[in-house]
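Let's take a friendly walk through a protein model, one neighbourhood at a time. Keep the sequence and the 3D view side by side as you read.

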Amino acid sequence: MKLFSGSANKSLTERVASALNIKVSPLEIHVFPDKEKRVRVIDKVLDENTVVIQPTNTLASENYMELFFIVDALKRSGAKSIIAVIPYLGYQRQDHIFRTGEAVSLEVIIKILDMIGVDKIIVFDLHSIKIQELFHIPIAHLSALKIFAEKIKQEKWNKNDTVLVSPDMGGIRRIKLLSSMLDNMPYATIEKNRDLETGKVCVTGSEGLNDFKRAIIVDDMISSGGTIAVASEFLAKRGAKEIYVFATHPVFSKEAKGILRESKALKVFVTDTIQIPEDKKFAKLQILSVASMIAKELKATNH
Ligand code: R5P
């Protein structure tokens with residue numbers, strides 16, 4: 001198997017390579033003055049099974065284009081198969097039409113991945129499980145929940161004084177799964193509303209919040225940080241003495257760092273599906289790695 005990395009998260013690719021005990025194969029990615037890119041595969045990949053790792057977070061379009069070019073270069077160089085590991089699948093939130101006249105961005109992306117010859121896709125914690133149905137190529141949908149459950153056990157936070165909280169109704173499936181991994185830890189959901197024009201989030205209610213000392217908010221991603229800020233504020237007002245956050249994808253757009261730092265959360269656990277730039281890190285942040293899960297899935301694919 002030959003493993004390649006796009007530019008978006010080289011450190012994750014290195015961690016996967018070390019878990020597989022192989023080296024990352026080199027790629028030449030030349031950026032022209034006008035920011036167009038030229039991609040070239042250096043090693044021989046004829047009849048080889050190949051893997052490329054590239055999350056497609058900010059700038060999503062840039063990262064997607066680079067991924068498409070890497071896949072094309074591998075295909076033209078005779079690779080036997082190509083697995084695209086896209087730990088964070090960009091544009092996944094536009095998976096259907098919300099208002100008349102909108103594009104279904106994710107469907108466009110899926111058509112391209114299919115057309116350029118990707119054989120399999122590996123992703124983490126999709127925003128909605130329905131997304132998988134849009135793919136015509138095999139997809140492995142992995143979840144960081146297992147890693148979160150291990151961490152929660154290690155911290156010895158137990159079900160007598162802890163509640164798992166989904167900060168929106170859409171996260172109910174996720175929270176139930178995590179609860180089942182933690183000896184049926186109690187769970188609750190917050191109802192939130194987001195203004196489609198301004199992006200501003202507000203809490204409109206909750207379900208299942210009883211007596212608790214500690215609240216663990218679990219989400220698929222943190223983008224602006226608005227959801228976590230209002231959810232933790234709400235939980236603090238409902239009497240939470242300790243609030244922790246677990247979210248798979250640290251998208252961290254806009255002012256997320258400041259918002260999370262100032263929030264009522266004591267610690268924010270995220271994974272390395274997305275590489276966080278140094279200037280977006282903060283003291284409360286802890287990063288858990290998904291590298292061994294990717295390596296395990298690649299081994300299982302018999303690649
Ligand atoms: C929304 O439904 C998602 O699960 C996340 O809660 C949301 O995308 C987080 O966005 P933000 O950090 O901008 O509130």
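## Val 201 and its strand

Val 201 belongs to strand β10, which covers residues 201-207. Helices (H or I, at least four residues) and strands (E, at least two) are DSSP runs, numbered from the N terminus. This is a predicted model, in which local features need pLDDT of at least 70 and side-chain atom pairs count only at pLDDT 80 or more, while totals for chains, interfaces and linings use all residues. Residues are numbered from 1 along each chain as its sequence is written, and side-chain values use heavy atoms, with hydrogens and water left out.

Is Val 201 buried or exposed? Val 201 counts as buried because its relative accessibility is 9%; buried means under 20% relative accessible area, exposed over 50%, and partly exposed in between (1.4 Å probe, protein chains only). Not counting residues up to four places away in sequence, Val 201 touches Lys 192, Asn 193, Arg 194, Gly 226, Thr 227 and Val 230. Contact here means heavy atoms within 4.5 Å. From Val 201 to Ala 240 there are 39 residues in sequence and 20 Å in space, C-alpha to C-alpha.

## Around the ligand

Now turn to the ligand. It is surrounded by 14 residues, and the closest are Asp 219, Asp 220, Ser 223, Ser 224 and Thr 227; a residue is near a molecule if one of its heavy atoms lies within 4 Å of it. Asp 219 has a polar side-chain atom 2.5 Å from an oxygen atom of the ligand. For Asp 220, an N or O atom in the side chain is 2.5 Å from a ligand oxygen atom, and for Ser 224 such a distance is 2.6 Å.

On its own the ligand has 380 Å² of accessible area, and the protein covers 91% of that (areas come from the Shrake-Rupley method with a 1.4 Å probe; for residues, only the protein chains shown count as cover). Which elements give two or more residues to the shell around the ligand? They are β9 (187-194), β11 and α6, and β11 gives the most, with four residues.

## Ser 223, in a loop

Ser 223 sits in the loop between β11 (214-222) and α6 (226-237). With 18% relative accessibility, Ser 223 counts as buried. Leaving aside neighbours within four places in sequence, Ser 223 is in contact with Arg 93, Val 251, Phe 252, Ser 253 and Ala 256.

Technical notes. Polar contact = N/O pair within 3.5 Å; in protein donor to acceptor, adjacent residues only side chain to side chain.
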